[in-house]
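Here is a friendly note to read beside the model. Please keep the picture open while you go through the points.

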Amino acid sequence: AGKGVTKPKATSKPKPAGSKGTSFVVSSIDDGVHKSDSVHKTVNAANARARVMFYDEDPWGLGRAWLKENYEIEENINLEGLLTLT
């Protein structure tokens, strides 16, 4: 009998969003450098801060309207409800 592929067992389960002791860190990557910005108690607060960082505090000062008009920006939400902007 051949050996089958087995799925590795998880060592711990992730905490559901908003559970006690959970916090959400907003960070960015600029020129390959990872930068942490702020910590939030809720997913919604973290996602709101991520949008402000991406659209309103971009390093080139282009602004939300210009970015939305000139780029196709992707907003992706992962399984935990956290936002990624590209």
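This is a predicted model: local features need pLDDT of at least 70, side-chain atom pairs count only at pLDDT 80 or more; totals for chains, interfaces and linings use all residues.

1. Residues are numbered from 1 along each chain as its sequence is written, and side-chain values use heavy atoms, with hydrogens and water left out.

2. Let's begin with the fold. The chain has two helices and four strands, and along the sequence they follow the pattern β-β-α-α-β-β. Helices (H or I, at least four residues) and strands (E, at least two) are DSSP runs, numbered from the N terminus.

3. Now for burial. Of the 86 residues in the chain, 19% count as buried, which means under 20% relative accessible area with a 1.4 Å probe, protein chains only.

4. How much space lies in the largest pocket? The volume is about 830 Å³. A pocket is an open set of points on a 1 Å grid over the protein atoms alone, where a 1.4 Å probe fits, with protein on both sides within 12 Å along at least five of seven lines; lining residues have an atom within 4 Å of a point.

5. Which residues are closest to the centre of that pocket? Of the 27 lining residues, they are Ser27, Ser28, Ile29, Phe54 and Leu85.

6. Finally, look at where the lining comes from. Strand E1 (24-30), helix H1 (43-56) and strand E4 (83-85) each supply at least two residues, and E1 gives the largest share, seven residues.

Notes. Grid points are joined across faces, edges and corners, and a volume is the space filled by probe spheres set on the points. Buried means under 20% relative accessible area, exposed over 50%, partly exposed in between (1.4 Å probe, protein chains only).
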